[in-house]
Amino acid sequence: MMQIFIPLNFLGFVYREMKGSLANIEKMFSLLRVPPAIEDREAALELVVTDGRVVFEDVHFAYRADREILKGVSFSVEPRQKVAIVGASGAGKSTLFKLLFRFYDPCDGRITIDGQDIRAVSQSSLRAAIGVVPQDAVLFNQSILENVRYGRVGASDEEVMAAIRHAQLEAFVHELPEGVHTVVGERGLKLSGGEKQRVAIARALLKHPPIMVFDEATSSLDSRSERGILGALRQVASEQTTLVIAHRLSTVVDADVILVLDRGRIVERGSHTQLLAAQGHYAALWYLQQEERHSAADTPQAGG
Ligand code: ATP
């Protein structure tokens with residue numbers, strides 16, 4: 001009985017948090033995925049974002065003492081740069097994001113935003129400065145308009161519409177019977193993975209945080225959805241410091257810097273062109289994905 005009661009009770013709490021005064025997407029993200037282990041320091045300051053420079057300095061991290069996941073990761077993301085992180089499953093990409101959100105603290109090293117150690121600032125000010133586009137955005141049983149408005153509760157219809165346009169959702173919305181008033185979610189119209197991710201991008205654009213974190217969906221997208229997402233992401237990246245966990249190389253080609261993470265270490269860094277010329281990990285990944293793309297595009301031939 002207890003076992004059933006606790007999760008339901010917890011979900012009820014999550015639901016009230018989301019629908020109430022804390023209706024904000026990062027809160028939801030944190031509540032659903034990570035236990036609230038970190039507490040603010042007593043004299044925690046408010047994070048002041050001036051430029052949006054994010055720096056990881058020799059960051060070490062382990063979930064359990066016997067297994068180090070990040071083994072001295074250092075990089076910086078300059079204001080308005082787009083940095084893509086690539087690497088095999090389990091390399092530690094999502095862990096980097098969890099540390100940036102301060103769901104956990106590094107065991108060693110530090111993370112700063114515009115020179116301020118994120119351990120010294122309040123979590124609310126930290127998370128207010130960062131927009132998240134998660135892999136799988138949560139949609140409420142409400143209209144698309146209201147779903148996007150969760151990015152900034154209180155935004156006007158015009159502002160929500162502008163975010164929908166910039167997230168390249170407008171053409172899709174126009175084709176729906178009730179346009180932006182069409183109800184989506186479990187009991188409404190089901191959106192594809194790519195459409196959901198663009199709703200998340202629209203929310204993030206509306207919030208307009210100085211730093212944006214994008215966790216690209218691993219699921220394959222049709223080429224129209226992929227183009228839509230890339231266009232929307234470019235829109236975001238042109239104005240904000242952007243960090244992307246990338247699974248598709250189409251997303252990384254135009255990144256200012258690509259970091260290749262391998263078993264908790266950055267083993268390569270550079271632009272797409274530089275990394276291809278280096279003929280290392282990234283180049284191997286690139287050729288592998290090119291091959292996969294071609295074989296997926298080929299129709300099967302009898303007898304090979
Ligand atoms: P993917 O591309 O599959 O999402 P990733 O590069 O994002 O992988 P992480 O999710 O950062 O990798 O995981 C890195 C390692 O940390 C993995 O071996 C994973 O099993 C481990 N790990 C992740 N979360 C936890 C956790 N909460 N507790 C213990 N180990 C964890």
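A residue is taken as buried if 20 or more other C-beta atoms lie within 10 Å of its own, as exposed if 12 or fewer do, and as partly exposed in between. In this predicted model, 36% of the 304 residues of the protein count as buried. The protein has twelve helices and ten strands. Among its contacts between residues at least 6 apart in sequence, 72% join residues at least 24 apart.

The axes of α6 and α8 come within 8 Å and cross at roughly 130°. The two helices are therefore oblique to each other, since an angle over 145° would be needed for roughly antiparallel and one of 65 to 115° for roughly perpendicular. The crossing of α6 past α8 is right-handed. On the α6 side, the contact is made by Glu 159, Val 160, Ala 163, Ile 164 and His 166. On the α8 side, Ala 202, Leu 205 and Leu 206 take part. By class, the residues of this contact divide into six nonpolar, one polar and one charged.

After α6 comes Gln 168, whose phi is positive, near 60°. Most residues other than glycine have a negative phi. Two aspartates elsewhere in the chain also have positive values. Phi of Asp 58 is near 45°, and that of Asp 114 is about 45°.

Where do Asp 58 and Asp 114 lie? Asp 58 belongs to strand β1, residues 54-64, whereas Asp 114 is in the loop between β4 (108-113) and β5 (116-117). Are they buried or partly exposed? Asp 58 has 13 C-beta neighbours inside 10 Å and therefore counts as partly exposed. For Asp 114 the number is 17, so this residue also counts as partly exposed.

How values were computed: Residues numbered from 1 in each chain as written. Predicted model: local features only at pLDDT ≥ 70, side-chain atom pairs only at ≥ 80, totals over all residues. Helix = DSSP H or I, 4+ residues; strand = E, 2+ residues; numbered from the N terminus. Axes fitted to C-alpha atoms, helices over the stretch in contact; angles between N-to-C directions. Parallel < 35°, antiparallel > 145°, perpendicular 65-115°, else oblique. Left-handed = near helix turned anticlockwise from the far one by under 90°. Contact = placed C-beta atoms within 7 Å. Nonpolar A, V, L, I, M, F, W, Y, C, P; charged D, E, K, R; others polar.
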